[in-house]
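The tour moves from one selection to the next.

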Amino acid sequence: MLNESKAFSSFAVRDLDEARRFYGDTLGLDVSENPMGVMELHMAGGATVMIYPKPDFVPATYTVLNFPVDNVESAVDVLTGKGVRFEHYSDPEIKTDEKGISRGNGPEIAWFKDPAGNILSVLRPG
């Protein structure tokens, strides 16, 4: 039964208009509004992510959405040019360089936040 379901992920934001501008304009994703009045991200490969408003929203302390890329440094450079700010960590297990890229402790990865504070990443799959 569930193994045949076309499951999708979802997460909350404070402001759908702000999220629509960030995900659509800044990140360049295909964004639409579904019949329930929530936003959908249409990802490569056919996956859909639903984003819904939650007035008392508190961002998660973990990554809610990962974007696999061929070249993390290039993706960081492009997104930085669009105003995206990457997170910097100094923990030995998650240490990042001056661009915000973690190298050598798992996959090469860089984290950034959406306007609501949700943590997203670009990463090179291992």
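This is a predicted model: local features need pLDDT of at least 70, side-chain atom pairs count only at pLDDT 80 or more; totals for chains, interfaces and linings use all residues.

Residues are numbered from 1 along each chain as its sequence is written, and side-chain values use heavy atoms, with hydrogens and water left out.

Select residues 72–81, which form helix α2 (helices are DSSP runs of H or I with at least four residues, strands are runs of E with at least two, numbered from the N terminus). Colour V72, A75, V76 and L79, the buried residues of α2 (buried means under 20% relative accessible area, with a 1.4 Å probe and protein chains only). Look down the axis of α2: its buried residues fall within an arc of 100 degrees, so they line one face of the helix (the arc is that of the directions from the helix axis to the C-beta atoms).

Next, select N71, which caps the N-terminal end of α2 with a side-chain oxygen 3.1 Å from the backbone nitrogen of E73. Just after the helix, G83 has a positive phi of about 95 degrees.

Now show the open sheet of 4 strands, ordered β5-β8-β7-β6 with mixed pairing (two strands pair if DSSP finds at least two bridges between them). β5 (63–68) and β6 are at the edges, each with a single partner strand, so one side of each has no neighbour in the sheet. β5 pairs with β8 in the parallel sense over 5 bridges.

Methods: Buried means under 20% relative accessible area, exposed over 50%, partly exposed in between (1.4 Å probe, protein chains only). A polar contact is a pair of N or O atoms within 3.5 Å; within protein, one must be able to donate a hydrogen and the other to accept it, and residues adjacent in sequence count only if both atoms are side-chain atoms.
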